[in-house]
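I opened this notebook to record what I looked up about how the inside of one chain is put together. My entries follow the order in which I searched.

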Amino acid sequence: MDAREMKIKAAEAALAHVESGMRLGIGTGSTAEEFVRLLAEKVAGGFRVEGVPTSERTARLCVELGVPLKSLDELPALDLTIDGADEVDQALRLIKGGGGALLREKIVAAASERMIVIADESKLVETLGAFALPIEVNPFGLVSTRIAIDKVAARLGLSGELTLRQSGDGEFTTDGGHHIIDASFGRIPDAEALSSELNSIPGVVEHGLFINMAALAIIAGPAGARTLQKNR
């Protein structure tokens with residue numbers, strides 16, 4: 001089973017949690033796109049959902065495939081969000097934002113009663129941090145914000161390169177008009193402490209640590225999909 005087949009298996013398992021009539025947050029990324037394709041097949045057969053996309057990229061795919069969409073202002077309370085992750089640990093802490101949609105992803109997830117994460121087994125880690133942590137920042141005061149992130153990292157014993165994400169000939173810009181700094185910490189022993197410290201920096205709009213947000217994770221491997229639930 002190749003990587004795409006595993007993503008499809010995870011998406012299939014997640015689709016079993018979606019009921020007709022749901023208000024659904026729809027995530028961003030390659031695994032989420034497999035979910036959208038499967039959802040569109042059910043919608044074509046009469047399945048009813050109203051989706052809120054977490055990015056313009058996801059919105060375009062939904063429109064192309066015929067999945068009905070609303071804005072979050074039109075549907076401010078959602079039943080369920082299905083989204084991917086760049087990393088997930090056994091406590092269902094996540095790193096997200098590799099696709100640059102972390103702010104909208106977190107807003108949509110927070111507006112949902114439940115969040116289900118779908119991923120292939122390569123995303124399952126013992127400790128977060130091998131994937132560079134995306135930090136969405138305001139373009140104004142970018143140098144000052146970067147210095148503040150460096151200071152936070154030092155206080156927590158973290159080190160690694162902070163890289164301003166590029167796209168084409170310039171800085172990558174999110175759907176919200178912000179930039180992203182990718183923090184290559186390598187290992188984040190205390191994700192909760194880092195989350196709190198980053199939230200205290202005025203120039204940080206949001207970061208890719210999703211803590212206490214996922215209700216369960218569906219992880220697909222060569223043997224099929226399995227479900228992880230947060231340890232109580």
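Entry on the cores. I kept in mind from the start that this is a predicted model. I looked for the largest nonpolar core and found that it has 27 residues, and that those with the most contacts inside it are Val 18, Leu 24, Phe 35, Leu 39, Ile 82 and Ile 118.

Entry on one residue. I followed Leu 24 and, leaving out residues up to four places away in sequence, I noted that Leu 24 touches Val 18, Phe 35, Leu 39, Glu 50, Gly 51, Val 52, Leu 78, Leu 80 and Ile 82.

Entry on the helix pair. I checked how H1 and H2 lie, and their axes come within 8 Å and cross at roughly 55 degrees, which means that H1 is oblique to H2. The crossing in which H1 passes H2 is right-handed. In the contact, residues of H1 including Ile 8, Ala 11 and Leu 15 meet residues of H2, among them Phe 35, Leu 38 and Leu 39. Sorted by class, this contact of H1 with H2 has 7 nonpolar, 2 polar and 6 charged residues.

Methods: Residues numbered from 1 in each chain as written. Predicted model: local features only at pLDDT ≥ 70, side-chain atom pairs only at ≥ 80, totals over all residues. Heavy atoms only, no water. Core = buried A, V, L, I, M, F, W, Y, C linked by side-chain atoms within 4.5 Å. Buried < 20%, exposed > 50% of the residue type's maximum accessible area, 1.4 Å probe, protein only. Contact = heavy atoms within 4.5 Å. Axes fitted to C-alpha atoms, helices over the stretch in contact; angles between N-to-C directions. Helix = DSSP H or I, 4+ residues; strand = E, 2+ residues; numbered from the N terminus. Parallel < 35°, antiparallel > 145°, perpendicular 65-115°, else oblique. Left-handed = near helix turned anticlockwise from the far one by under 90°. Nonpolar A, V, L, I, M, F, W, Y, C, P; charged D, E, K, R; others polar.
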